[in-house]
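Biologist: Hi! Could you walk me through this one?
Modeller: Happy to, here it is.

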Amino acid sequence: MKNPRRTGRPGSVARGMTLVEVLAVVVILGLLAGTLAISMSGALGKGKREIAHTAIGLIQQKVETYRIEHGTWPADDIGLAALGDGHADPTASYYLNSDQLLDPWGNPFYLIVPGPDRHPYEIVSYGADGQPGGEGEAADLTSIHLRDTP
């Protein structure tokens, strides 16, 4: 009868992993996963800021088209809603879906007429926190500083 703990080579014994070895592997994998998750969250935040910049550029084009067609900027009390459902016909050249008027964090973009520093208007996203000010992912994005890279 053959010993089940022996391998095919004479004198060698099959050996499993000890609990300490298994725990060491689990800890190492956990550290790698944590590092990867942290680096990916930073890239995701940066990606959302780039999407917000692109959306501001699109909204800016639509606001300019609105002004050309109506001879005035959207009213301050209506804001960017003038470009969307309930105020604009879906066939209008300046029309935007309601989801296009939200930033990547699900907060609305804002239109300020007149804008600061003699700009006719400003389109603003208040970033991840939806509040004015902030740093990093929570920093404000504006049409005036559209070409600025944080």
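This is a predicted model: local features need pLDDT of at least 70, side-chain atom pairs count only at pLDDT 80 or more; totals for chains, interfaces and linings use all residues.

Biologist: How many bridges join strand 1 to strand 2?
Modeller: There are 3 bridges between them, and strand 2 covers residues 122-125.

Biologist: And which residue in strand 2 does Y110 stand opposite?
Modeller: That would be V124.

Biologist: Switching topic: how many residues are in the largest nonpolar core?
Modeller: The largest nonpolar core has 23 residues. I59, V63, L80, L83, F109 and I123 have the most contacts inside it.

Biologist: Which helix gives the most to this core?
Modeller: Helix 1, spanning residues 19-70, gives the most, with 6 residues.

Biologist: Let's zoom in on I59. What does it touch?
Modeller: Leaving out residues up to four places away in sequence, I59 touches L80, L83, L96, Q100, L101, F109 and I123.

Biologist: Now the outside. Which residues make the nonpolar surface patch of about 660 Å²?
Modeller: M17, V22, V25, V26, I28, L29 and L32 make that patch.

Biologist: Where is the place of L29, and is L29 buried or exposed?
Modeller: L29 is in helix 1. Its relative accessibility is 53%, so L29 counts as exposed, the cut-off for exposed being over 50%.

How values were computed
Residues are numbered from 1 along each chain as its sequence is written. Side-chain values use heavy atoms; hydrogens and water are left out. Two strands pair if DSSP finds at least two bridges between them. Helices (H or I, at least four residues) and strands (E, at least two) are DSSP runs, numbered from the N terminus. A nonpolar core is a set of buried Ala, Val, Leu, Ile, Met, Phe, Trp, Tyr and Cys residues joined through side-chain atoms within 4.5 Å. Buried means under 20% relative accessible area, exposed over 50%, partly exposed in between (1.4 Å probe, protein chains only). Contact means heavy atoms within 4.5 Å. Patches are made of residues with over 30% relative accessible area and no salt bridge: like charges are joined within 9 Å, nonpolar side chains (Val, Leu, Ile, Met, Phe, Trp, Tyr) within 5 Å. Accessible areas come from the Shrake-Rupley method with a 1.4 Å probe; for residues, only the protein chains shown count as cover. A salt bridge is a side-chain nitrogen of Lys or Arg within 4 Å of a carboxyl oxygen of Asp or Glu.
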